[in-house]
Amino acid sequence: MEKLSRRQLLGTAAVAGATLAMGTFSTAHAAEPAGVKLGSTIKSADFKTEKHVPVIDAPASVKPGETCTITVSVGKEVPHPNTTEHFISWIALYFKPAAGGPISELGKYEFTAHGESALGANKGNAYADPFSAIRLRLNASGTLVALSYCNIHGLWESSKEITVA
Ligand SMILES: [Fe+2]
């Protein structure tokens with residue numbers, strides 16, 4: 001390792017001090033990882049006016065271990081297009097326990113038919129609507145969180161509390 005003279009050390013410290021004073025460097029920025037957080041890109045709105053929001057239909061309360069059916073759909077009030085060019089690609093459902101702990105992925109459904117055909121776009125025979133259902137048993141209260149993905153308009157989310165008592 002190269003040994004620095006006292007003059008060199010003082011010069012280095014002066015440059016570092018000047019840089020800090022100009023605000024070009026701080027420990028807060030150094031600790032922050034670079035990049036985009038996925039959560040910051042997810043949109044949400046009222047499903048009654050915005051066609052992308054996943055709608056969770058679930059009971060407000062269930063008994064511990066009781067099987068319930070939960071559906072998640074997109075376009076319940078305002079239909080979303082389902083064409084070869086513009087469609088809902090998938091829906092995923094998660095559960096976040098109220099007492100804390102990690103989120104659980106409950107299921108994910110992909111919709112892969114949007115009128116594609118060898119004859120051309122929107123000439124196919126099948127159009128899969130963005131609707132999914134899951135039968136579920138819970139042992140703890142928490143929040144259901146749904147995520148949907150539109151191939152044109154990105155990620156959308158909604159949530160609904162469910163009480164287990
Ligand atoms: Fe869309």
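I started with the open sheet of three strands, which has the order β1-β3-β6 with antiparallel pairing. The model is predicted. I noted β1 (54-57) and β6 (131-137) as the edge strands, each of which pairs on one side only. I looked up the angle between neighbouring strands of this sheet: they are turned by 20° against each other on average, direction ignored.

Next I followed β1 to its partner. Four bridges join β1 to β3 (residues 67-74), and the two run antiparallel. Within this pair I found valine 55 opposite serine 73 of β3.

I then went to the open sheet of five strands, where the order is β2-β8-β7-β4-β5 and the pairing is mixed. Its edge strands are β2 (61-62) and β5 (104-110), each pairing on one side only. Between β7 (residues 142-150) and β8 (residues 154-164) I found nine bridges, with the strands antiparallel. Tyrosine 149 has leucine 155 in β8 as its bridge partner.

Which residues coordinate the iron ion? I listed His52 (NE2), His80 (NE2), His86 (NE2), Cys150 (SG) and His153 (ND1), at 2.1 to 2.3 Å. The spacing of these donor residues in sequence is H-x27-H-x5-H-x63-C-x2-H. Histidine 80 is in the loop between β3 and β4 (88-97) and histidine 153 in the loop between β7 and β8, so this pair ties together parts 73 residues apart in sequence.

Are these two buried or partly exposed? Histidine 80 has 10% relative accessibility and so counts as buried. Histidine 153, at 30%, counts as partly exposed.

Key. Residues are numbered from 1 along each chain as its sequence is written. This is a predicted model: local features need pLDDT of at least 70, side-chain atom pairs count only at pLDDT 80 or more; totals for chains, interfaces and linings use all residues. Side-chain values use heavy atoms; hydrogens and water are left out. Two strands pair if DSSP finds at least two bridges between them. Axes are lines fitted to C-alpha atoms, for helices over the stretch in contact, and angles run from 0 to 180 degrees between N-to-C directions. Donors are N, O and S atoms within 2.8 Å of the metal (3.2 Å for Na, K and Ca); water is not among the atoms, so sites may look incomplete. Buried means under 20% relative accessible area, exposed over 50%, partly exposed in between (1.4 Å probe, protein chains only).
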